[in-house]
Amino acid sequence: MRVNCIGAIVFDAFDRILLVQRGHPPGMGLWSIPGGRLEPGETDAAGLRREVLEETGLHVEVGRLAGTVERPGPGGVTYVIRDYLAAVTGGTPAAGDDAADVRWCGMDELARLPLTEGLLDTLTGWGVLPR
């Protein structure tokens with residue numbers, strides 16, 4: 001079974017990336033970009049705006065597709081994750097929904113945080129990280 005998911009790659013004015021610490025499986029305790037499963041009939045843009053708001057308290061404008069990854073899930077599920085660039089348009093960062101924490105991270109912090117598998121390599125390969 002394939003499950004459609006979305007993720008938001010969001011930077012602030014200081015080139016820090018927005019990360020959430022997962023509060024539930026899969027990836028509980030690990031840091032990742034905000035995102036999650038699409039609801040039936042939901043567009044990628046609507047799902048991305050909903051997920052970012054639920055997890056971080058921030059409103060975003062959805063930009064271009066950065067790339068797509070597939071990750072194995074429990075019970076033979078495959079998560080098909082489309083990650084988009086996005087820009088904050090309002091709100092105050094606060095962990096919500098299934099996020100245990102939310103924070104802006106500099107590029108130097110990324111190497112030290114326990115990230116979800118493949119996140120740093122994927123973002124680097126897509127060329128979306130600040131230089």
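Trainee: Which residue does Glu-70 meet in a salt bridge?
Mentor: Count a salt bridge when a side-chain nitrogen of Lys or Arg lies within 4 Å of a carboxyl oxygen of Asp or Glu. Here the N to O distance is 2.6 Å, and the pair links distant parts of the chain, strand β5 (residues 58-72) and strand β1 (residues 2-10), 68 residues apart. Helices (H or I, at least four residues) and strands (E, at least two) are DSSP runs, numbered from the N terminus. The partner of Glu-70 is Arg-2.

Trainee: What should I know about the model and its numbering?
Mentor: This is a predicted model, where local features need pLDDT of at least 70 and side-chain atom pairs count only at pLDDT 80 or more, while totals for chains, interfaces and linings use all residues. Residues are numbered from 1 along each chain as its sequence is written, and side-chain values use heavy atoms, leaving out hydrogens and water.

Trainee: Are Glu-55 and Arg-22 buried or exposed?
Mentor: Their side chains form a salt bridge at 3.0 Å, N to O, linking helix α1 (residues 44-56) to strand β2, 33 residues apart. On relative accessible area, buried is under 20%, exposed over 50% and partly exposed in between (1.4 Å probe, protein chains only). Both residues, Glu-55 and Arg-22, are buried.
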